[in-house]
Each structure stands twice: as structure tokens, then as C-alpha cells.
Amino acid sequence: MKTKAFSTLFAVLCMTPFLCSCSDNSPQTLHFFAMDIFVWVTKYGGDIETVIENIKSCSENLDMYSGTLCEANANTEIDNVQIYECSEKVISLNDKYGDGVDITSGALTSIWGISGENPRVPTNKEIQIAIETVGKDNLILDGEKIYKPVDTKLDFGAVAKGYACDKIYDAIKNTDVKCSIVSLGSSSLLYGNKPDGKKFSVDIRNPDGSDIPLGRLETDECFISTSGGYERFFQADGKKYCHILNTETGFPIESDLVSVTVICFGENGGITSDFLATDIFIGGTENLGKHLSASDYKIIAADNNGKIYVSDGLDFTPNKNSGYSL
Amino acid sequence: MKLITKRDFIIILSILILAAAATIVPSFIKGGEYAEISFDGEIVETVSLDENRTFTINGITFDIRDGKIAVTDSPCRDGICIHTGYVSSPSQTIVCLPKKMSVRIIGEKSGADIVVG
């Protein structure tokens, strides 16, 4: 017996290097596909399983092309809690910041095949029919259910990832995770404080596809969302169409901005940053002034002349070799 | 009865060797940048970026040139993975959604915690 105990103790001692590598100071990374994108979760210490469940449930409930929302869109009544909450939040953002992002634009998104396998340019007639179904006034939210005309289709493409970041934030606060970086493609959550006491460093991707980033942002806990026409687009008859639609004309928007990153802090920062990134992108340089001076969020934007715009109070260092400058 | 039998000694020695290997080996790998190629979240290949070469995995063609990696051909329709171009900095990724493929750069360069956009 004694021999066995001794060997076991010795074995445990020998294993120490392995165990140390799982300590709170070394990050662990998980990655998987959800919400039509590739998800990265890096975290320091603690258990994150419940947090990941949130990403999966948003994925099941808010995707227009499959699952709950796809079925709900065929009906006139929707009683899914997540769809309800997400709709309610976007409508209150519409009241505050304007109607650039419209969750009732699903029919338009469908006819263009945006984010689908076969994007195409629809006929003018198809566009006219789809535009008729768009408009948040078509929705009635009674505190429990959403009522809508059967042809009005909900589309959370512009906000689902940001909303998912909010759900993750709410869940992660109840775990013993001290620090986590959650990347849902266009929206990310930087949670807590890094074990080394440094700020989070965030590189903003170069919209030209170069591997030299626009620059680096140093920041505390926040939500970050980016919108740009450079990543998801399609070409038809020699013309480039971006994935963001103008709900008034029914056509993809043509913005003189190429990349818009919005940084929000605190509650609901995920959905707000995602919403604003698309909204500001649609508005172009013409409407940038008010966003640069906004107090409740910060932005970093780049236009098609190679100019970078940065809100005051951000610790952002542009990369001189990116082809873009302040 | 001896405190440590020959069998115990072998077990302890092999654990020690394993532990030593686990500590030393990663420091060798860290020497240069390398890329992890995953399909559906599973790493299928880890490639060094030090050697120029072109290869194909699951129908996707990868090219390594001058310490950078790119997808140069893919059967997916949107071609987002190809548009991404050559990447070389840690925490940069190439993603192909239709094929559920991702490339992640691992290395020692002073990478950001996250790349957004």
C-alpha cells in the first residue's frame, strides 16, 4: 500500500508542469461554427460552458434562413422570447438613432439572396413587392407576442451577433471567468481584466484585404462591432453589390465609408454597437460628425480616400503602412 | 518489501520524461510562426510558415509564401476565404464558412488580443 501511495504522490508531482499549463494565467481558446460565422472564445480561468450555450441559442433563434425565425417568419404571431427581446431592443434603438437598420427588411434580404448561397440582382417588380412589406410600423409588440403581416419578414442580420454578445456578457458575469475575449465575426466582447493587468489590444482589419491592420486600439472592457462592404459582397454584370440594403430604394447601399468600428461600454453595448456600425456605415462621411462627437459610444471609421476618423478619448494608433491615415 | 520496485521506477521515469517533453517541446515550436488549419473546429493540420509551398486539403488550396499563408483556391461560391489574402500575424484568421474551414496563425510576434473587422 505504502509503495502505491508513494508512486501516486510522485506521479502527481511529476504532472505539475501539465497542471500549471491550465492555470488562470494562460488563456484557453475554443472555436466552433455558429450564427453563420466562425466563433472564437478565449478565456482565462473558470468555466464557460453556459456562456457558449447562449451563442448557440441565439444561433438557433435569430437566423433568418433556418430554425425558429425561419418558421416564425411564415406566421403572423411570434412568441419566441429571444426574437421578442431582440426586436424590442432594435426598435428602441431606432427611436434613439434612426431607421437605417430595419428588422423588417427580411423580404428584401431574401430576394437579393444576401448571405445565402446564390445572391442575385432581383427584378424591379420583385423589389417593389418586397419594399411594401418593410417598415417597423408593420409590427405590433404587446409585451408578450409580436404580431405582423404574413409577408413582413424579420431579419436580425445587422444585430444578431451584437445581441448574442450581450447575452454572453449577462451570462459570463455569473461565472468565475475573470477575463474573456469572444469574437463573433463582426461583433466582439472583451470582458473583464487581463491577468497581466494590460489593456486589451485590438487590431482593426484593413478593408483592402492587406494583412497590415488599420491600426491598434488599446481598451478596457467593451463591446466592439465592425461594418464594412468589403467582406460580404457579390458581383453581377461587373458591378459590386454589398450586403447592406437601403430599405427605401431596395438596393444595396453605396457608402463612401469602407469600414466602421463602433465601441460601446456596459449594458446592451453589443446590440448597440452592432446596430450603430451598420447605421453609421449607411450614413457615409456626410453624417459622420455627430457620431464622432457622441458621448455614449466611440468610433473608428475609414473612407474610400484612405482617411481614418477616430473619436476623441480612444487610445488608437494608426498603422503607417496600412494605406490609411488620420 | 522495497519502497520502490523496478516497475515503479520505470513508471516514474517515463512520467518525468513526458513532463520534461511537455515543457521543452512547445518552446521549440514557438521558434517560427505556424498556422493551424481546422475543419469544423477540429485542427487537421499544423503547418510551419517558414517553408514556401502549395498544398490542398479537402479541396481547398493553400499557399505559403514568405512567412504568410493564403487560400488560393476553394470550391465555395462566395470566395471570402480567397479575398482574405495572405495573413501572417498571430490572431489573424482565414475563414471559409461554406467549407467550415479556418486558418489561425500562432506565433511569437507581438500580436493583438483580437483582430476585428
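Student: How many salt bridges does the rule find across the interface of chain B and chain A?
Tutor: Keep in mind that this is a predicted model. The cut-off to apply is a Lys or Arg side-chain nitrogen within 4 Å of a carboxyl oxygen of Asp or Glu. Going across the interface of chain B and chain A with that rule, the count comes to 1 salt bridge.

Student: Which residue of chain A forms a salt bridge with Asp113(B)?
Tutor: Look for the N and O atoms that come closest, which are 2.7 Å apart. That falls inside the rule because the limit is 4 Å. The partner of Asp113(B) is Lys194(A).

Student: And how many residue pairs are in polar contact between chain B and chain A?
Tutor: Here both residues of a pair need pLDDT 80 or more. With that condition, the count between the two chains is 7.

Student: Which element gives the largest share of the side of chain B that touches chain A?
Tutor: The elements of chain B that give two or more residues to this side are α1 (6-29), α2 (80-83), β6 (93-96), β7 (101-106) and β8 (114-116). One of them puts in 8 residues, the largest share. That element is α1(B).

Student: By class, how many nonpolar residues does that side of chain B have?
Tutor: Chain B brings 41 residues to the contact, and chain A brings 38. On the chain B side, 13 are polar and 8 are charged. The nonpolar ones number 20.

Student: How much area do chain B and chain A bury between them?
Tutor: Carbon and sulfur atoms carry 61% of the buried area. The total for the two chains is about 3,500 Å².

Student: Which residues in chain B lose the most area to chain A?
Tutor: Together they make up 20% of what the chain B side buries. One of them is also the salt-bridge partner of Lys194(A). The residues are Asp113(B), Val116(B) and Gly117(B).

Student: In what sense do β8 of chain A and β8(B) pair, parallel or antiparallel?
Tutor: The chain A strand covers residues 200-204, and the pairing runs over 3 bridges. In β8(B), Val115(B) is the bridge partner of Asp203(A). The sense is parallel.

Student: What are the edge strands of the open sheet in chain B?
Tutor: The sheet has 4 strands with antiparallel pairing, in the order β2-β1-β7-β6. Inside that order, β1 (residues 34-39) pairs with β7(B) over 6 bridges, with Ile37(B) bridged to Val103(B). An edge strand pairs on one side only, and here those are β2 (42-48) and β6 of chain B.

How values were computed: Residues numbered from 1 in each chain as written. Chains lettered and ligands numbered in written order. Predicted model: local features only at pLDDT ≥ 70, side-chain atom pairs only at ≥ 80, totals over all residues. Heavy atoms only, no water. Contact = heavy atoms within 4.5 Å. Buried area = accessible area lost by both parts, 1.4 Å probe. Polar contact = N/O pair within 3.5 Å; in protein donor to acceptor, adjacent residues only side chain to side chain. Nonpolar A, V, L, I, M, F, W, Y, C, P; charged D, E, K, R; others polar. Pairing = 2+ DSSP bridges.
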